[in-house]
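Hi,

Here is the structure I promised to pass on. My notes follow below it.

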Amino acid sequence: MDKGTLYGCDQYAKTKCPFTISKRILGKSISTANVKKLLSQGKTNVIKGFKKGGKTFDAALVWDGNEKKLSFQFSKR
């Protein structure tokens, strides 16, 4: 569910689901389509242009449900 600057669980009031994801990560907007894919398949499409420390990189976002953590999966070159 769109909650302004982040996406969160639509059943939060009933379940107290703690999941949230920012709409912007390292300078990139995260689309609703990618969040839906992340939640249904565990991984987004590769998103180009994340910025950190003056450098840019491309990666998919991966959700680890066991550890309740978001991480990057880098493209193999």
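Predicted model: local features only at pLDDT ≥ 70, side-chain atom pairs only at ≥ 80, totals over all residues.

Start at Ala59: its bridge partner in β7 is Phe74. β6 and β7 run antiparallel and are joined by 6 bridges.

Both strands belong to an open sheet of 3 strands, ordered β5-β6-β7, with antiparallel pairing. The edges are β5 and β7; each has a single partner strand, so one side of each has no neighbour in the sheet. On average, neighbouring strands of this sheet are turned by 60 degrees against each other, direction ignored.

Next, helix α2, residues 32-41. Its buried residues are Asn34, Val35 and Leu38. They sit on the same side of α2, because they cover an arc of only 100 degrees around the axis. In general, residues three or four places apart in an α-helix point the same way, as there are 3.6 residues a turn. The cover over the buried residues of α2 includes β5 (47-52), β6 (55-64) and β7 (69-74), along with β1 (6-8) and β2 (20-22). The face turned away from the buried side carries exposed residues: Ala33, Lys36, Ser40 and Gln41. Just after α2 comes Gly42, with a positive phi of about 85 degrees.

Last, the loop between α2 and β5. Asn45 lies there. Asn45 is partly exposed, at a relative accessible area of 38%. Beyond its neighbours within four places in sequence, Asn45 is in contact with Asn34, Lys37, Ala59 and Ala60. Asn45 and Ile30 are 15 residues apart in sequence; C-alpha to C-alpha, they are 10 Å apart in space.

Best wishes

Terms used. Residues numbered from 1 in each chain as written. Heavy atoms only, no water. Buried < 20%, exposed > 50% of the residue type's maximum accessible area, 1.4 Å probe, protein only. Helix = DSSP H or I, 4+ residues; strand = E, 2+ residues; numbered from the N terminus. Arc of directions from axis to C-beta. Contact = heavy atoms within 4.5 Å. Pairing = 2+ DSSP bridges. Axes fitted to C-alpha atoms, helices over the stretch in contact; angles between N-to-C directions.
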